[in-house]
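I opened a notebook page for this structure.

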Amino acid sequence: MTPSPFSLRRFPLRALTGALLVSATLSACAPLIVGGAMVGGAFMVTDRRTSGAQVEDQAIELKAMNRTREILGDRGHVNATSYNRTVLLTGEVPAEADRTAVEQTVSRIENVRSVVNELAVMGNSSLTSRSNDAILSGKVKATFVDAKDLQANAFKVYTERGTVYLLGRVTEREANRAVDLARTISGVQKVVRVFEILTEAELADLANTNKEKK
């Protein structure tokens with residue numbers, strides 16, 4: 001696939017790692033600009049989702065968090081990460097009934113296609129644990145950028161209690177390569193695939209469609 005003019009592959013790993021770690025401490029509403037592309041907000045130009053799907057994913061995440069808060073209040077710690085209308089639920093809830101209630105509530109949100117429920121029934125993780133998770137996500141993203149055989153912005157990375165979740169519309173080759181790279185990062189306990197798998201032909205068609213739009 002012809003590299004996009006917004007590709008981050010040539011950005012030095014050390015510099016990008018620092019940038020990503022800084023971005024992990026900023027608000028999710030304040031995207032970081034790196035090498036002419038947007039990290040943390042959205043890759044509206046090179047993202048493999050349609051622009052409409054990207055906007056819907058942002059709306060789904062906001063609605064999921066608001067409705068989860070209505071159910072749990074301060075009794076749990078829940079994160080909702082949406083990619084192409086598939087919602088990944090991570091974090092901690094006090095009881096199995098809460099876990100089920102959150103999943104059912106999120107599944108009823110408009111435009112949600114499916115829910116991957118990775119909520120743990122346990123006490124809330126510590127701020128130190130969450131900070132370490134953010135750092136791990138940054139390291140994984142930086143490793144993807146440094147790889148010569150991956151399009152880093154095809155992946156969304158989220159980490160919870162040392163478990164790295166990988167989302168994206170990718171081929172089986174890309175999925176396997178990304179998992180292998182994530183496993184090399186010190187501190188990563190487990191890697192979970194939450195991918196939408198494309199064939200090589202589908203990826204080529206997607207690349208051609210994106211070229212025509214430019």
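I call a residue buried under 20% relative accessible area, exposed over 50%, and partly exposed in between (1.4 Å probe, protein chains only). The model is predicted, so I noted its limits: local features need pLDDT of at least 70, side-chain atom pairs count only at pLDDT 80 or more, and totals for chains, interfaces and linings use all residues. Residues are numbered from 1 along each chain as its sequence is written, and side-chain values use heavy atoms, with hydrogens and water left out.

Entry one, the chain. I found 6 helices and 9 strands. Helices (H or I, at least four residues) and strands (E, at least two) are DSSP runs, numbered from the N terminus. Of the 214 residues, 45% count as buried.

Entry two, the rings. How many aromatic pairs does the structure hold? I found 2. Rings of Phe, Tyr and Trp (its six-membered ring) pair if their centres lie within 6.5 Å; planes under 30 degrees apart are stacked, over 60 edge-to-face, and the rest tilted.

I looked up F144 and F155. Their ring centres are 5.1 Å apart and their planes stand at 55 degrees, so this pair is tilted. F144 belongs to helix α4 (residues 127-146) and F155 to strand β7 (residues 155-160), 11 residues apart. Both F144 and F155 are buried.

Next I looked up F155 and F195. This pair is edge-to-face, with 5.9 Å centre to centre and 75 degrees between the planes. F155 lies in strand β7 and F195 in strand β9 (residues 190-198), so the pair ties together parts 40 residues apart in sequence. Both F155 and F195 are buried.
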